[in-house]
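Visitor: I would like to learn how to read a fold from its coordinates. Can we go through it feature by feature?

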Amino acid sequence: MTTKIPRPPGLPLLGNISDVDPSNTWVSLQKLWEKYGEIFKITVLGHDIVFIGNIALCEEVCDEKRFRKFVGGPIVEIRKAVHASLFTAFADERIWGVHHRILAPNLTPTAAAEHFHEIRDIAADLTAKWRDLGNDANVSVIDELNRLDLETTTQCFFGRRLHGLTGVEHPMIRAMDQATGEAMKRPTRPKLVNWLLHQSRFDRDCDTMRQYAAECLQYRKDNPTDRKDLLHAMMNAKDPETGKAMDETQIIDEMVSMPIGSSTAPCVIASAIYYLLQNTECIAKARQEIDSVIGDGDIIYEHLDNVPYCAGIVRESLRLSAAAPGFNIEPLPGTKDPVLLDGGKYQVPATQTMIIVLHGVNRDPAVFEEPEEFRPERMVGEAFDRLPEGAKKWFGNGKRVCIGRHYAWIWNIITLVTLLKNVDFEMADPEYKLKQDGWFNLRPVGFDVKIKPRGS
């Protein structure tokens, strides 16, 4: 006999619309997970959505023999800016395969490693900027890391420096935030309300993002180079299976998608700094490792495999922050009703949309002892290797896993090591407790720190 999937009580016609704050959807889902646990559902404007919140169920619905990525809701809305990109293409859009086969060879671990020096040197530019601010300067961690992320992504993938670490923030950052925020909210409103009250700003933000990409593309045309980066592949490569190339609109689609995808990385490192300041013994351990392996010299690529504790900090920050907060799943087409989960304990319709809530999955007490505690040691060596695959879904799953995950990993490690090696941090507000919001990512809100050169 199956168990009924729990849900909060709803309102007539509107369902559970009041249980989810459109301005902070993921934190609302965190609260529902805390109340209902491993699986729950809500009804919004007549549509049922099931949420997955533990590792065993996460592993089950990530089985690509039974389930696939669902493209709906906010992901459909952001197609206004990126059309059928790798992130947003429907399962039956063959263009996804064309783009993937062109881009993937340029985002392998080996290809990502070729950007090591650029990532390292731009991170060093940020610490140099901070040195010039003087001791105990206050900075917004997420704002500074957002600048760093866009600067690095644009240089590594498109071969252009924006010089955006200082001065006025690049408009791409604000446009990404506003457009993805609007994409999250639009499915919760009547279409007429979206069109009357919100469409013009959404259109402007989407145009701003595409203008950023168009300018980078034009810069490459105006400044020919033998650089073999991601933009070179998009402009010149052909799909080995179909012989198709990407047209200019499709290139711009993917150029906009890349910074949106990489925007989770600053959230990870900003969260890591917060967790480290709450657990200062972890800073001491990390610096002991950094000083032993790297010493006073520059970081080189070979160092990255020899700082396992720092890698553990990044993984544990990915776990606790859920910076990429979840992903959507649906049963494969042709699946017969009902779909049984957990050995028949639960059942859902064959057309059911399910969303994996990584905040809950990553805190599964069946896998993580004291799951709210920050313990990098559990993410190092054999302890990490023993974790089930459902505990490692930070970059998504299967065929539609984040294509930039290897680049993101290198960015995260280099940025963390660079900051810990060169900068001392102190909470600007000693009473601050972590608050999060976000759209396609989850970031610390209101988290400022005092910075100064390490040891000064």
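Visitor: Which residue in β8 is the bridge partner of Phe51?

Guide: This is a predicted model. The bridge partner of Phe51 is Ile355. The bridge belongs to a pairing of β2 (residues 47-52) with β8 (residues 354-357), parallel in sense and made of three bridges.

Visitor: In what order do the strands of the open sheet lie?

Guide: The order is β1-β2-β8-β5-β3, five strands with mixed pairing. β1 (39-44) and β3 (67-69) are the edge strands; each has a single partner strand, so one side of each lacks a neighbour in the sheet. From one strand to the next, the twist averages 35 degrees.

Visitor: Which strands does helix α1 lie across?

Guide: Helix α1 (residues 25-36) lies across β1, β2, β5 (326-331) and β8, and runs at about 130 degrees to β1.

Visitor: How should I read the nonpolar core?

Guide: In soluble globular proteins, nonpolar side chains tend to be buried together. Here the largest nonpolar core has 142 residues, and Met209, Leu341 and Ile356 touch the most other members. Helix α13 (residues 264-278) gives the largest share of this core, eleven residues. Leaving out residues up to four places away in sequence, Met209 touches Ala81, Met172, Ala175, Met176, Ala179, Val256 and Ile260.

Visitor: At what angle do the axes of α13 and α15 cross?

Guide: They cross at roughly 100 degrees and come within 9 Å, with α15 spanning residues 308-321. The range 65 to 115 degrees counts as roughly perpendicular, so α13 is roughly perpendicular to α15. Residues in this contact include Val268 and Tyr275 from α13, and Ile313 and Leu318 from α15. The contact residues are eight nonpolar, three polar and no charged.

How values were computed
Residues are numbered from 1 along each chain as its sequence is written. This is a predicted model: local features need pLDDT of at least 70, side-chain atom pairs count only at pLDDT 80 or more; totals for chains, interfaces and linings use all residues. Side-chain values use heavy atoms; hydrogens and water are left out. Two strands pair if DSSP finds at least two bridges between them. Helices (H or I, at least four residues) and strands (E, at least two) are DSSP runs, numbered from the N terminus. Axes are lines fitted to C-alpha atoms, for helices over the stretch in contact, and angles run from 0 to 180 degrees between N-to-C directions. Contact means heavy atoms within 4.5 Å. A nonpolar core is a set of buried Ala, Val, Leu, Ile, Met, Phe, Trp, Tyr and Cys residues joined through side-chain atoms within 4.5 Å. Buried means under 20% relative accessible area, exposed over 50%, partly exposed in between (1.4 Å probe, protein chains only). Angles under 35 degrees count as roughly parallel, over 145 as roughly antiparallel, 65 to 115 as roughly perpendicular and the rest as oblique. Ala, Val, Leu, Ile, Met, Phe, Trp, Tyr, Cys and Pro count as nonpolar, Asp, Glu, Lys and Arg as charged, and the others, Gly among them, as polar.
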